[in-house]
Amino acid sequence: MSAMTVDTVTFSDLSRRPKEVAERAAQLGRVRVTHRDAKDFYLTAADKEDLRDQSLTTASRIFLALMKHDATARTLLLAIPDVFPWVRHLNEEEIREFTVELVAALSDAAELDVDVTVQEVIAGWRATARIKSDPQAYREAGAPTTGDHGSVDVTP
């Protein structure tokens, strides 16, 4: 979530008026470019993107340092429920595991440009919290199964 205003242009706008679109991107920080036959993308001012990368790197290093100096990650563990209210369905050990995985994923995003892992960690732990929020469904999920239950559809 960003406080920055993001304008939207079509790919045709970019093709027809590249200088005007580039000026808008420079002024606003970035412009979303929509394309009916492909995924949208952002035209971003490089200096703004560099600052965003530096900020993410700094934040991830702070989190790693906090965890290094406080093995229990107490400070982060106190903040996690404010950011992710659904963790109330996890036990203390699971919240700690989620926090450690999240900080590691944020570090990878900052240091290695591996952005998808952060969302995978959040989605996985949110799914765990979701199933644990329903005691009956949680009991059924832990029950042994037999036989072949068919193929599993995986959606991105």
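Predicted model: local features only at pLDDT ≥ 70, side-chain atom pairs only at ≥ 80, totals over all residues.

Biologist: Thanks! Where is His-35 found?

Modeller: His-35 sits in the loop between strand 2 and strand 3. Strands (E, at least two residues) and helices (H or I, at least four) are DSSP runs numbered from the N terminus. The C-alpha atoms of His-35 and Phe-11 are 5.3 Å apart, though 24 residues separate the two along the chain.

Biologist: And how many bridges join strand 2 to strand 3?

Modeller: Four, between residues 30-34 and residues 41-44, and the two strands run antiparallel. Strands pair if DSSP finds at least two bridges between them. Arg-30 has Thr-44 of strand 3 as its bridge partner, and a hairpin of six residues connects strand 2 to strand 3.

Biologist: What about strand 1 and strand 2, parallel or antiparallel?

Modeller: Parallel, with four bridges between strand 1 (residues 7-10) and strand 2. Thr-8, for instance, has Arg-32 in strand 2 as its bridge partner.

Biologist: Switching to charges: how many salt bridges does the structure hold?

Modeller: Nine, taking a salt bridge as a side-chain nitrogen of Lys or Arg within 4 Å of a carboxyl oxygen of Asp or Glu. One of them joins Asp-13 and Arg-16 at 3.1 Å, N to O. Both residues lie in helix 1 (residues 11-16), three residues apart, about one turn of the helix.

Biologist: Is Asp-13 buried or exposed?

Modeller: Asp-13 is buried because its relative accessible area is 16%, whereas Arg-16 is exposed at 57%. The two also belong to a salt-bridge network with Arg-17 and Glu-20.

Biologist: Which residue forms a salt bridge with Arg-52?

Modeller: Glu-49, with the closest N and O atoms 2.8 Å apart. They are about one helical turn from each other because they are three residues apart in helix 3.

Biologist: And which residue does Arg-61 meet in a salt bridge?

Modeller: Glu-111, at 2.8 Å, N to O. Arg-61 is in helix 3 and Glu-111 in helix 5, so this pair ties together parts 50 residues apart in sequence.

Biologist: Which residues gather in the patch of negative charge on the surface?

Modeller: Asp-47, Asp-50, Asp-53, Asp-113 and Asp-115. Patches take residues with over 30% relative accessible area and no salt bridge, joining like charges within 9 Å and nonpolar side chains (Val, Leu, Ile, Met, Phe, Trp, Tyr) within 5 Å. Asp-50 is in helix 3 (residues 46-69), and Asp-113 is in the loop between helix 5 (92-112) and helix 6 (116-132). Asp-113 also has a positive phi of about 60° although it is not a glycine.

Biologist: Which residues form the nonpolar patch?

Modeller: Leu-112, Val-114 and Val-116, with about 250 Å² of accessible area together, from the Shrake-Rupley method with a 1.4 Å probe. Val-114 lies in the loop between helix 5 and helix 6, and it is partly exposed at 31% relative accessible area.

Technical notes: Residues numbered from 1 in each chain as written. Heavy atoms only, no water. Lys, Arg positive; Asp, Glu negative; His and termini not counted. Charge placed at Lys NZ, Arg CZ, Asp CG, Glu CD. Buried < 20%, exposed > 50% of the residue type's maximum accessible area, 1.4 Å probe, protein only.
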